[in-house]
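Visitor: Hi, can you walk me through this one? I have the picture open and a few quick questions.

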Amino acid sequence: MVEASEEVYSSLHQRFKGDLLRPGETGYQDARDIWNAMVARTPGLIARCANVSDVQHAVRAASEAGIISAVRCGGHSLAGFSTCDGGLVIDLSRMRQVTVDPEARRARIAGGCLLGSIDTATQEAGLVFPSGVVSHTGASGLILGGGTGWLTRRFGLSCDNVEGFTLVTADGSVVRANAKDNPDLFWALRGGGGNFGVVTEFEVKLHPLTAVVLAEGLTPEADIRSLLECWRDFMAEAPLDLKWNIDLRLAPTTNRVPVKLRGRPVASNSLVWTGEPEAGRPYLERALSLCSPDSVSNKVVSFMNLQTMADSVFPHGRRYYTKSGYFAYIDDSVIDRLVEAVATVPSLETQIELAYLGGAAARIAANETAIGDRSAPFIMNLLASWSDASADAGNISWIRGLFNKLRPAMKPGVYVNFMSGDEQDRVPEAYQGRWDRIVAVKTHYDPSNFFRLNQNIPPRKPAAKRS
């Protein structure tokens, strides 16, 4: 592998406009670090691309050398797919240009953008692109896997707001995909992850929004059951302007948390209202009535504030492990399991994330994008977060144990952006009835599975030749 990475370096160094970083060189260590410390690795070469031509050169050189290659935007892959041991990392972090057309409410986003890069540019025009909730997340991985966040109910998934992709495919070609050009690829890129190439530009639609109402509150352990019963039914009739997320966790031991709740099992409620503030008052008051009064806050915040408030909660360099799934309905037996589980959470940062989708995201037909069926409105992410490697086994086993208890009640399906690196067996579950179609697209654009560091969709093997 080391020899192969040196071969790639020799092939690239005279024509590459960006930075080529090898172990031991200045800048390599910073470029090597990724978000999830659970999957720290040592690439043989990091190719920090300056433009599309650099991406083409890197893909072709790596393909010719037969070297394993990862694609990095923000390095936020839960599964650690944005790095590799001994191979090549195609790093897009120098490609973070955003061009906004305020009148058309459209933007062109370069493939290396972080969510914060996009938010900064679009907010100058009073516009938003629906994306995730942590500003240092790479936009490419988020969008290609679907993309959920605070605006999902109002404006749909991130991938629903993409009108065109430009990508470098496995043979080094630049290909464009939209509703008219390469429509099967356009379909597959909206939810199919990084299986088809390196996306160097997204053409997206934007929406007017500069501020929201943010309400927060903590529900004590004794009231979690009644909260979940209310939430599951309340959200089914809620307006699109309301996004209400619940995290079951141990309350932080900070000054913002009432002393009686610190370190205790709670439900942490976060509600975002995107409409006129006064119109949202009755919905927010109903939800906050289920919280401890001295933990409640309710205020108008800028969209930029909303998009950065979770940054410190999910920092680079911690250890993360997840399991995720959908529920058509959260019945009383599931609530029983959740209430039991929150009392055994192994880390102050570990949480059971619950969100209600529906709304604009549910209006897209199952066959319109690769992400497929959106009829199950409840999505759960079991997210463990901790610092010390010695705690790996305890945190991972807790997540797996709870997931196994809850899985019989789940609807088949999984959101690929919430999958860890040990779940390749669940990839077909993510695409279910669309599997044959997405495999066909993969086979056409990446028959050798060059792009395999992802929640992988293997191409079909060529038929054996008859002798």
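Visitor: OK. How far apart are the mean positions of the positive and negative charges?

Guide: They are 3 Å apart, for 49 positive and 51 negative charges.

Visitor: Where does the model come from, and what are its limits?

Guide: The model is predicted; local features need pLDDT of at least 70, side-chain atom pairs count only at pLDDT 80 or more, and totals for chains, interfaces and linings use all residues. Residues are numbered from 1 along each chain as its sequence is written, and side-chain values use heavy atoms, with hydrogens and water left out.

Visitor: How many helices and strands are in the chain?

Guide: The chain has 14 helices and 18 strands. These are DSSP runs numbered from the N terminus: helices are H or I with at least four residues, strands are E with at least two.

Visitor: What box do the C-alpha atoms fill?

Guide: Roughly 70 × 55 × 50 Å, along the principal axes.

Visitor: And how much of the chain is buried?

Guide: Of its 467 residues, 59% are buried. Buried means under 20% relative accessible area, exposed means over 50%, and partly exposed is in between, with a 1.4 Å probe and protein chains only.

Visitor: What share of contacts links residues 24 or more positions apart?

Guide: They make up 73% of the contacts with a separation of 6 or more. A contact means heavy atoms within 4.5 Å.

Visitor: Let's zoom in. Which residues of helix H4 are buried?

Guide: H4 covers residues 115–123, and seven of its nine residues are buried. They are Leu-115, Gly-116, Ile-118, Asp-119, Ala-121, Thr-122 and Gln-123.

Visitor: What do they pack against?

Guide: Strands S5 (98–101), S6 (106–110) and S7 (127–128), plus helices H5 (139–145) and H10 (303–308).

Visitor: Which residues touch the most other members in the largest nonpolar core?

Guide: Leu-88, Phe-165, Leu-185, Leu-189, Phe-196 and Phe-202, out of 66 residues. Helix H3 (residues 52–65) gives the most to this core, with six residues. Apart from it lies another core of 48 residues, including Leu-228 and Leu-382. A nonpolar core is a set of buried Ala, Val, Leu, Ile, Met, Phe, Trp, Tyr and Cys residues joined through side-chain atoms within 4.5 Å.

Visitor: New topic: is Ser-158 buried or exposed?

Guide: Ser-158 is buried, at 0% relative accessible area. Its place is the loop between helix H6 (152–155) and strand S8 (162–168). Leaving out residues up to four places away in sequence, Ser-158 touches Phe-129, Pro-130, Ser-131, Leu-142, Ile-143, Gly-146 and Gly-147.

Visitor: And Ser-385, buried or exposed?

Guide: Ser-385 is buried too, with a relative accessible area of 1%. Ser-385 sits in strand S18 (residues 378–386).

Visitor: What is the phi of Asn-182?

Guide: Positive, about 50°, although Asn-182 is not a glycine. Most residues other than glycine have a negative phi. Asn-182 is in the loop between strand S9 (174–178) and helix H7 (183–189), and is partly exposed at 31% relative accessible area.

Visitor: Last one. Where is Gln-432?

Guide: In the loop between helix H13 (427–431) and helix H14 (435–445). Gln-432 also has a positive phi, of about 40°. At 36% relative accessibility, Gln-432 counts as partly exposed.

Notes
Lys and Arg count as positive and Asp and Glu as negative; His and the chain ends are not counted. The place of a charge is taken as NZ of Lys, CZ of Arg, CG of Asp or CD of Glu.
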